[in-house]
Amino acid sequence: MTELSRAANAIRALAMDAVEAANSGHPGMPMGMADVATVLFSKHLKFDPAAPRWPDRDRFVLSAGHGSMLIYALLHLTGYASPTMADIRNFRQLHSPCAGHPESTEIPGVECTTGPLGQGLAMAVGMAMAERHLNARFGDALVGHRTWVIAGDGCLMEGISQEAISLAGHLKLGQLNVIWDDNRISIDGPVSLSSSEDMAGRFVSAGWHVVSCDGHDVASIDAALTAAAADPRPSLIAAHTTIGKGAPTKAGTSGVHGSALGAKEIEGAKAALGWDYGPFEIPADIKAWWEALGTPGAAARAAWEARLAADPRAAEFTASMAGDLASAGVLDDYLAALSANPPKVASRKASEMALDVLVPALPDLLGGSADLTGSNNTRAKGQAVFNAADYAGRYVHYGIREFGMAAAMNGMALHGGVVPFGGTFLVFSDYMRNAIRMAAIQRIRVVHVLTHDSIGLGEDGPTHQPVEHLVSLRAIPGLSVYRPCDAIETAEAWACALADSNTPSVLALSRQNLVPVRSGSAVNKVALGAYRVQAAVADRAAVIVATGSEVGIALETAALLEADGIGCDVVSMPCWERFDAQGPAYRADVLPADVLKISVEAGITLGWHRYVGSDGITVGLDHFGASAPAEQLYAEFGLTAPAIAAQIKQKLGR
């Protein structure tokens, strides 16, 4: 048995032992892909375990995240500080970094959190895009690395994979190499139960280079990986493997996919593999072999650090990779100009106006849209297009690939050096939801510009009018959802989103023009989440809290009430999450307990009672919209000042 084969068997042994100890997990994929992974790490991957965040390392993405013991074994064996053997022994247990699926926030060697199939592949496309962009910006001396992916049949069945491979092929991302674990098995049984497509033909049609190999033959694997690295196109390496290789009765079957093998099967597998060691035992010579693989990477890192030190743009590069955006104050002069001459514009237009200031000032920003540039207003003046002919461009035409766009943006943010933003209609956030959720899980800065945010979009009707979407997005932990009411709030929302390096953001923006509400102030009031726009003149009897386009309606309503001697505050609440983070005294001052509180938002009312109380009034739409001009829809559904004022008076007995 060769040394490399013994090294691969160490992966198989750890996978079997960890899953058995947890009585939970997926041993089949790590056992089947052990040979491929060993060749990749020993002959092709540029990495240094002593510096897991070295900027010019190759990125390794385990898109088939259910096989997490593969990456945990690889990181431990090659000498990364995490995971330790104790961590692996506690696989899938509380407080162990070795979670059921790899989490980038737990282990530095894990490039991205994976598990929802296909998203690792799509995030890898974003990483490859970021690498090409930074290479164009900073040059070969500082940026020149590959992105390697291991994906399974499930990754390639998911619809997001088509979006990802199509975009990667179109952009000619030749630094991207995807290794397909072609084991022909899914949970239900043979892949042939549900799929019969020509997978290689699918990639070829998208502009990829495709090569195949015997996933258990070292020379064949090495030749395929070498060919992939040499080709200028993105590459698919179809590695024909046996899932659960070595298991005497379960290898090659779905029975080894997602459950512990059992003591008898493990005993038989270790005998077949010639692995005569106890649970979690790695012989010293095999551990030393693995740890030596980091030596070339350490030398490459040292040479790279010398180049960085000599580069006149070293400080700029380092700041970009660290996520130091330096956005503070960039919008100050613009906000002053808005305050002096407040415009009546849609918040999507106000966002474009802010981007016209932000994009030239902040070279890390890289924007785009899912084929709705003219509607989302996401392209700043003079912003060059990122494409295969010009990777230095800073605007991506993603095509009609919302899910792929959102996941690629996650990959860019995880890669570093890029702060991505992208646009589509708010209603299509349903297509993107799991990628937005993954951004929140990974605590990364991406900005989703989601326009046409209510029935205010008008004639396109209920298929395009978001009703439940704001509340649905607010339900995602760790996501900031902003719905600004005018141009000043829109600029302040951008400032908040860019300043928060550990939080993804949604900017929900209107199609219709919005009346100016705010004048400028020294304080970013959107950062407070909610604030008093207008205080009551008469004795305060009511507080109306509204968002976005409905703040103007709230002000009209308050004027009607004040005319009848009913004092009414108006509160703008552009961001629930930020308001919830304020201290209790501030929250109680903005929303006092001793008055009637009313929420006004052109969406479902779910969740608003937490702010207005069980005795408060929630004005919204707990149903779908209709196809008609916006003004008619607002009148039809009671979202007008007279209708709301009448409800408030009735409630107050006035």
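By a nonpolar core I mean a set of buried Ala, Val, Leu, Ile, Met, Phe, Trp, Tyr and Cys residues joined through side-chain atoms within 4.5 Å. I kept in mind throughout that this is a predicted model.

**Entry on the cores.** I looked up the largest nonpolar core and found that it has 124 residues, with M129, L176, I179 and W290 having the most contacts inside it. Helix α1 gives the largest share of this core, 11 residues. I also noted a second, separate core of 33 residues, which includes V600, I617, L639 and I644.

**Entry on W290 and its helix.** I then asked which residues W290 touches, leaving aside its neighbours within four places in sequence. The contacts I found are A7, A10, I11, T38, F41, L74, L77 and T78. W290 is one of the buried residues of helix α11, which spans residues 284-292, and the others are I286, K287 and W289. Seen down the axis of α11, these buried residues fall within an arc of 155°, so they line one face of the helix. Among the elements covering them I listed α1 (3-22), α2 (28-43), α3 (68-78) and α12 (294-310).

**Entry on a sheet.** Next I traced an open sheet of 5 strands, in the order β16-β18-β17-β19-β20 and with mixed pairing. Its edge strands are β16 (531-534) and β20 (617-619), each of which pairs on one side only. Neighbouring strands here are turned by 30° against each other on average, direction ignored. Strand β19, residues 596-600, pairs with β20 in the parallel sense over 3 bridges. I noted that V600, which I had already met in the second core, has V619 of β20 as its bridge partner.

Notes
Residues numbered from 1 in each chain as written. Predicted model: local features only at pLDDT ≥ 70, side-chain atom pairs only at ≥ 80, totals over all residues. Heavy atoms only, no water. Buried < 20%, exposed > 50% of the residue type's maximum accessible area, 1.4 Å probe, protein only. Helix = DSSP H or I, 4+ residues; strand = E, 2+ residues; numbered from the N terminus. Arc of directions from axis to C-beta. Contact = heavy atoms within 4.5 Å. Pairing = 2+ DSSP bridges. Axes fitted to C-alpha atoms, helices over the stretch in contact; angles between N-to-C directions.
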